Amino acid sequence: MTQPMTARTAAPTTTPGTQRPAPESPLSIARGALPATDGATGVLALFEEWAQRSPEAPAVIDGEHSWTYRQIDTAAGQVAQTLRDRVRPGDLVGVCLDRSAALVVTAVALARIGAVYLPLGPRPGERRTDAVTEDLNVVCLIGDPEVLPPRHRTAGHLRLALPGEGANAAATVVAAFAAPGTTARSAPPETFYAVLTSGSTGRPKAVAVGEPALGMLLSWYRATSGLAPGDRQSLLIGVAFDPHLLELWAGLTSGAALVPAPDEVRWDPTVLADWWRAAAVSVCVAATPMVEPLLERPWPQDLRLRHLFVGGDRLRHRPGAEVTATVHNAYGPAEATVASTVYSMHGTDSAAGAESAPPIGRPLPGVTVVVADADGRPVARDTEGELLIGGSGLALGYLDPELTARRFLAVPEDLGLPGVGRLYRTGDRVRMPADGELEFLGRLDDQVKISGVRIEPAEVEAAFEKDPAVLSAVVIAPRTADGRTRLVAYVRAAAGAALTADALLPGVRAWLPEQAVPSDVRIVDSFPLDANGKVDRAELTRQAAHSDESGPGDAPVADDGSGDATPGERLVLSAVRDLLARPGASLTDNFTEAGGTSLLAARLLTVIEKESGVRLRAPELLRQPDLRAVALLVDTRRAARQPAGA
């Protein structure tokens, strides 16, 4: 979860662990406890046990609507029956639904058929979805026909009888069948689900995970959280992100109720805390960047929340003493089934509130971790190296066998890891101190993390270069002054083409997830070259950092040259320039089109409230056509709070 998704085969920028440890030196190898279960009881079987044991218990609670275990079980049986003639065991099925009872029913129905659940999210980019369904043997897509790509809109449809109520529910859901590409890959045998990760070729990769691996993870999660009947498990994670599988099946295999989060909850930390309270959530999985703002302010009171599992990015400091929930800092790539290590923190810890990044902890039950040098050999404790993961949590592999062979390695016979047949090369740089608590140090390759999602800059470059007006693109990832990573694209136009960022971005968004869309696009005549004649990415990074350092104050606040900017305009524009690291942002820019994401929107709302006392909601921000309209809301609300004559 923390630093997840995938890794790319590339020469490390540094050579970790170049000195071999002496034979007597303790090696950086750690093994989790023996699993509490051997995984013999399948994930679906555990849900069916609860459906028989507690049929009237709530399985999904979505605002005023709720569904019992019996109702979810019955609806899943009906959907499975509808699909069974067209969908067979082992078939890949792309699911384009949001967090809802309909999504839960679909997941259970596909498991019952034995089909492979491939979550794509409710609004997948049209071209990205086309690429996926061309590369992978996706038998059908399930979703609102209005959001499906054109060839699936006109394909044969089966109407599915799915629950239509709830904050994120679609009124109409179909299974749309279209012929896959002639070279499309199928899932390997025994695949339970598959998830997409960023790929250096410009097309996403798919990771296949078996039911036993997910079952082992769920067993640890239930034991750690105590999740049980009467509890409410959040359904909060973006559906295309692999921790979504953890939260969904954790609720269904424990007799607890799943609580789908309305979309605005994911944009606004304060709204998230209010939702935790109103929905009586007791256990939650959340992306680190979504939760960090809450850990930086007084902890909300009167919450039922007792366990909070965070991941997807580096946690920058430890929770304070007033945090009443146990916070679990989890790490793991999709190739190792969501989470591989964890470090748990309590408000009573002596280090509570420390302004230092906590470690990513120790391996989960059944998981083995090795810190290795460039040759794949374990390094001594306290030596930097690449993290290798083995054990029961490993995925089956990628749907591309060649990629699987490169990233999943056989364990050398002399390494002494009984029961571990393969190791996954994460591409992450870590250190294992003497106490065994792994510390995350960064990446060894070109991948970067943006708002918790691992991104291949090459995939972003390929998205730009699909436009015939683009000759070439280079994407770099400089850090802002506060340590955040952002994407900047340098684009060269094809001969005779006139390019603008505004014209390019709509096409790019069709290929990429939200987090991979650059916050800054710069049209250039040429790229700087290094001594070897290659693009000098270091120089481009320096240029981007230099423009960031010039600061928002170097660009005019108002666009009309009047100099009569209002307090709200100055505040909003300054905050946006800082958050997006775009000194040239103007009041006529739309927030999302300028590179704003859901997590950056949450930070913007926090800054506005802190500086002005005005509390805007995420939907209000997103509905505005430009930043000037956002500023007008701030000025109007602030004026309404002032006493007459003030």
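Reader: Hi! Quick one to start: how many bridges join S1 to S18, and do the two run parallel or antiparallel?

Author: Three bridges join them, and the strands run antiparallel. Within that pairing, Arg 31 stands opposite Thr 368 in S18. Keep in mind that this is a predicted model.

Reader: Noted. And which strand does S18 pair with over six bridges?

Author: That is S19, residues 385-391, paired with S18 in the antiparallel sense. One spot to look at is Val 369, which stands opposite Ile 389 in S19.

Reader: Is S18 itself mostly covered, or mostly open?

Author: Mostly covered: six of its six residues, 367-372, are buried. Val 367, Val 369 and Val 371 point one way, while Thr 368, Val 370 and Ala 372 point the other way, and all are buried. In general, side chains of a regular strand alternate between the two faces of the sheet.

Reader: Back to S1. Is Ile 29 buried, partly exposed or exposed?

Author: Ile 29, which lies in strand S1 (residues 29-31), is partly exposed, with a relative accessible area of 22%.

Reader: Ok, and what is Ile 29 in contact with, leaving aside neighbours within four places in sequence?

Author: Val 369, Val 370, Pro 378, Arg 381, Leu 417 and Met 432. There is also a C-alpha to C-alpha distance you can check: Ile 29 and Leu 388 are 9.5 Å apart in space and 359 residues apart in sequence.

Reader: Then Ser 340. Where does Ser 340 lie?

Author: In the loop between strand S15 (326-331) and strand S16 (341-345). Ser 340 is buried, with a relative accessible area of 1%. Beyond neighbours within four places in sequence, the contacts of Ser 340 include Tyr 331, Pro 333, Arg 362, Val 367 and Ile 389.

Reader: Let me step back for a second. What is the mean pLDDT of the chain?

Author: The mean is 87, and 90% of the residues reach 70 or more. Over residues 2-23 the pLDDT is below 50, and that stretch has 91 contacts in the model beyond near neighbours in sequence. Residues 551-555 are also below 50, with seven such contacts.

Reader: Good to know. How many helices and strands does the chain have?

Author: The secondary structure comes to 17 helices and 28 strands. Of the 646 residues, 59% count as buried. Among contacts between residues at least 6 apart in sequence, 69% join residues at least 24 apart.

Reader: New topic: in what order do S26, S27 and S28 come in their sheet?

Author: The order is S26-S27-S28, in an open sheet with mixed pairing. Strand S26 (470-476) and strand S28 (520-524) stand at the edges with a single partner strand each, so one side of each has no neighbour in the sheet. On average, neighbouring strands here are turned by 25° against each other, direction ignored.

Reader: Mixed how? What is the sense of pairing between S27 and S28?

Author: S27 and S28 pair in the parallel sense, over five bridges. S26 and S27 (residues 488-493) run antiparallel, joined by six bridges.

Reader: Which strands does helix H11 lie across?

Author: H11 (residues 457-465) lies across S26, S27 and S28, running at about 155° to S26. Helix H12 (residues 501-509) also lies across S26, S27 and S28, at about 120° to S28. Eight of the nine residues of H11 are buried, so H11 is largely enclosed. Among those buried are Glu 459, Glu 461 and Phe 464.

Reader: Last one, H3 and H7. At what angle do their axes cross?

Author: The axes of H3 (residues 101-113) and H7 (residues 243-252) cross at roughly 85° and come within 11 Å. That makes H3 roughly perpendicular to H7.

Reader: And which residues meet there?

Author: Leu 103, Val 104, Ala 107, Val 108 and Ala 111 in H3 meet His 244, Leu 248, Trp 249 and Leu 252 in H7. By class, that contact has eight nonpolar, one polar and no charged residues.

Conventions
Residues numbered from 1 in each chain as written. Predicted model: local features only at pLDDT ≥ 70, side-chain atom pairs only at ≥ 80, totals over all residues. Heavy atoms only, no water. pLDDT = per-residue confidence, 0-100. Contact = heavy atoms within 4.5 Å. Pairing = 2+ DSSP bridges. Helix = DSSP H or I, 4+ residues; strand = E, 2+ residues; numbered from the N terminus. Axes fitted to C-alpha atoms, helices over the stretch in contact; angles between N-to-C directions. Parallel < 35°, antiparallel > 145°, perpendicular 65-115°, else oblique. Nonpolar A, V, L, I, M, F, W, Y, C, P; charged D, E, K, R; others polar. Buried < 20%, exposed > 50% of the residue type's maximum accessible area, 1.4 Å probe, protein only.
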